[in-house]
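Please open the model in a viewer and keep a selection panel at hand. The stops below are meant to be taken in order.

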Amino acid sequence: MKASDLFVQCLEEEGITHIFGVPGEENADFIMSLEASKKIRFILTRHEQGAAFMAEVYGRLTGTPAGCLGTLGPGAANLITGVADANMDRAPILVLTGQGATTRQHKESHQIMDVVAMYRPVTKWSVSVIHPHTLPEIVRKAVRLSRAEKPGAVLIELPEDIAKMETDAAPMTPRRFRRPEPDAVAIQEAAQKLAEAKTPIIIAGNGTIRRRASRELRKLCAETGIGVMSSFMGKGAVDKDAPYCLFTIGLGQKDIPSLAIDDSDLVLAIGYDLVEYPPKLWNPNSDKEILHIDFLPAEIDEHYHPQTELIGDIALSLRKLMAAMRGEKRASYDLTAQAKIRERMIADFAEYADDDTEGAIRPQKALHDARQALDMDDILISGVGAHKMWIARYYHCHQPNTCLIPNGFCSMGMPLPGAIAAHMVHPDRKILGIAGDGDFLMNVQEMETARRLNADITIMVWEDKQYGLIAWKQEGHFGKHTDLSFGNPDWLDLAKSFGWRGSYVSRSRDLLPSLEAALAHQGPSLLVIPIDYRENRLLTERLGKIAMQL
């Protein structure tokens with residue numbers, strides 16, 4: 001068979017079911033082979049970056065990689081931002097690019113660039129196929145690496161002349177492996193530390209949203225009562241209604257949940273990625289006792305230097321830790337401060353639940369209504385901008401992977417393509433993307449993709465006609481901001497031109513029924529609200545005055 005046919009068969013053997021992308025001349029053979037597949041669906045997108053975001057969200061929701069496809073040169077370059085985002089957010093994806101023939105790669109030639117070298121900083125592995133017989137090994141290695149903890153992106157480049165070559169190689173059968181167990185001595189040491197602690201606290205990171213890890217974390221908390229605060233990407237690791245849920249940390253300024261860390265004598269950092277929330281912000285004096293529980297050893301940081309590390313499968317580590325704790329004599333924890341912190345946050349969330357302003361809608365009200373409109377298993381997808389910070393603080397979950405926030409590489413532009421992928425994974429759930437106006441227009445072309453696929457999604461755009469997060473940051477540092485303003489399209493005309501349902505809501509009292517109507521609509525809906533970002537400065541002032549009130 002042709003190498004391109006073998007490539008597709010190898011992907012089928014690995015259980016790959018979706019590839020998003022934009023084809024080109026140099027991957028024409030692969031696309032023709034892919035069209036013949038009865039197991040893999042190719043989704044044509046309007047830009048390669050959208051394809052990468054779709055693959056990222058697919059990977060985050062399923063734990064299984066999808067492919068994102070681009071041709072050589074500009075196609076591969078267009079993919080890279082979304083690929084970097086997926087890799088740093090620990091999403092398994094396969095990046096599939098074409099390349100010019102090996103007979104012209106050594107010289108100046110049309111659209112030729114070193115794609116493998118370009119992708120090395122943003123992938124776990126990047127490789128070019130130089131012989132068709134190696135495809136089974138390359139695909140098997142690529143998928144295994146993309147799925148292995150911590151998950152990420154892998155690039156496979158297929159030159160056009162290699163794709164045409166004949167081969168008699170056959171796909172390799174995937175064989176899974178079990179993750180390693182934590183060291184028994186470390187387990188006992190960790191159990192003893194927990195027995196001696198008086199005010200322990202848990203920081204739950206991205207690693208805890210794996211289904212088994214979340215389940216075991218909830219058992220630990222139910223048994224001990226220890227409070228949990230999640231990172232942005234750890235949302236839903238514990239149920240927001242559980243008495244031990246202390247909501248989210250990660251804002252640049254001190255927030256109410258941070259007070260629980262100040263009060264703690266032991267921090268259990270579980271599945272915590274330093275890329276999300278620098279430890280300097282919660283351990284500025286490098287004096288906290290830290291227990292690190294993760295798939296990999298701790299990243300080296302002077303403010304994150306754990307005294308004990310449980311390295312291996314997180315769920316298994318937690319299960320063994322609980323078993324060891326039952327054999328340790330311990331006094332009752334003093335979790336009074338944690339309970340009061342939870343009460344303060346709940347009161348904070350409810351402050352604008354009945355807000356009735358007109359002309360602009362407060363972020364707090366928008367997120368209160370979003371939570372009301374979405375069921376427990378429905379999915380909210382955030383973009384990057386000022387809205388991300390509000391979502392992180394005010395929107396909370398019952399289940400893992402029901403609020404997806406890009407918070408490693410933090411690239412703008414994910415809500416629309418991400419919502420399309422989320423609908424493909426969970427067509428039975430309501431999907432809501434929240435984007436700023438700057439964020440949304442970075443991948444606005446995927447409105448056509450959503451319409452073509454009849455994706456049942458709703459995108460809520462927060463309009464402030466500027467890059468609001470940058471304005472917020474500049475005001476905080478300099479007392480003013482540079483010119484960050486821009487114009488926007490007529491939103492209703494934009495929706496109509498793409499065949500979307502469109503609505504514009506400027507009265508707070510109208511938001512919830514309008515959002516419910518948009519979510520109930522079969523097909524893509526656009527809901528735009530003027531956002532009251534005067535609240536940015538007010539929140540900054542309030543957080544600057546946070547003090548323990550017990």
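Contact here means heavy atoms within 4.5 Å. Select His-481 to begin: leaving aside neighbours within four places in sequence, His-481 is in contact with Gln-466, Ala-471, Gln-474 and Glu-475. Its C-alpha lies 5.3 Å from that of Ala-471, a residue 10 places away in sequence. His-481 belongs to the loop between α18 (468–478) and α19 (491–497); helices (H or I, at least four residues) and strands (E, at least two) are DSSP runs, numbered from the N terminus. With a relative accessible area of 31%, His-481 is partly exposed, where buried means under 20%, exposed over 50% and partly exposed in between (1.4 Å probe, protein chains only).

This is a predicted model, in which local features need pLDDT of at least 70 and side-chain atom pairs count only at pLDDT 80 or more, whereas totals for chains, interfaces and linings use all residues. Residues are numbered from 1 along each chain as its sequence is written, and side-chain values use heavy atoms, with hydrogens and water left out.

Next, select the aromatic side chains. Rings of Phe, Tyr and Trp (its six-membered ring) pair if their centres lie within 6.5 Å; planes under 30 degrees apart count as stacked, over 60 as edge-to-face and the rest as tilted. By this rule there are 11 aromatic pairs. One of them joins Tyr-467 and Phe-486, whose ring centres are 5.0 Å apart and whose planes meet at 65°, so the pair is edge-to-face. Tyr-467 lies in the loop between β16 and α18 and Phe-486 in the loop between α18 and α19, so this pair ties together parts that are 19 residues apart in sequence. Tyr-467 is partly exposed at 36% relative accessibility, and Phe-486 is partly exposed at 21%. Then highlight Phe-247, Phe-349, Trp-390, Tyr-394 and Trp-472, which form one aromatic cluster.

Turn now to the strands. Two strands pair if DSSP finds at least two bridges between them. An open sheet of six strands runs in the order β14-β13-β15-β16-β18-β17, with parallel pairing. Its edge strands, β14 and β17 (501–504), each pair on one side only. Within the sheet, β13 (residues 379–382) is joined to β15 (residues 431–436) by four bridges, and Ile-379 stands opposite Ile-431 in β15.

Which residues have a positive phi although they are not glycine? Asn-401 is one of them, with phi of about 60°, and Asn-454 has about 50°. Most residues other than glycine have a negative phi, and most peptide bonds are trans. Asn-401 sits in the loop between α14 (386–394) and β14 (403–404) and is buried at 14% relative accessibility. Asn-454, in the loop between α17 (446–453) and β16 (458–463), is partly exposed at 39%.

Select Glu-149 and Lys-150 next: the peptide bond between them is cis, with omega near -10°. Lys-150 is placed in the loop between α6 (135–147) and β6 (153–159).

The last stop is the largest pocket. On a 1 Å grid over the protein atoms alone, a pocket is an open set of points where a 1.4 Å probe fits, with protein on both sides within 12 Å along at least five of seven lines; lining residues have an atom within 4 Å of a point. Of the 46 residues lining the largest pocket, the closest to its centre are Gly-63, Glu-149, Arg-179, Arg-210 and Arg-211. The largest share of the lining, six residues, comes from α9.
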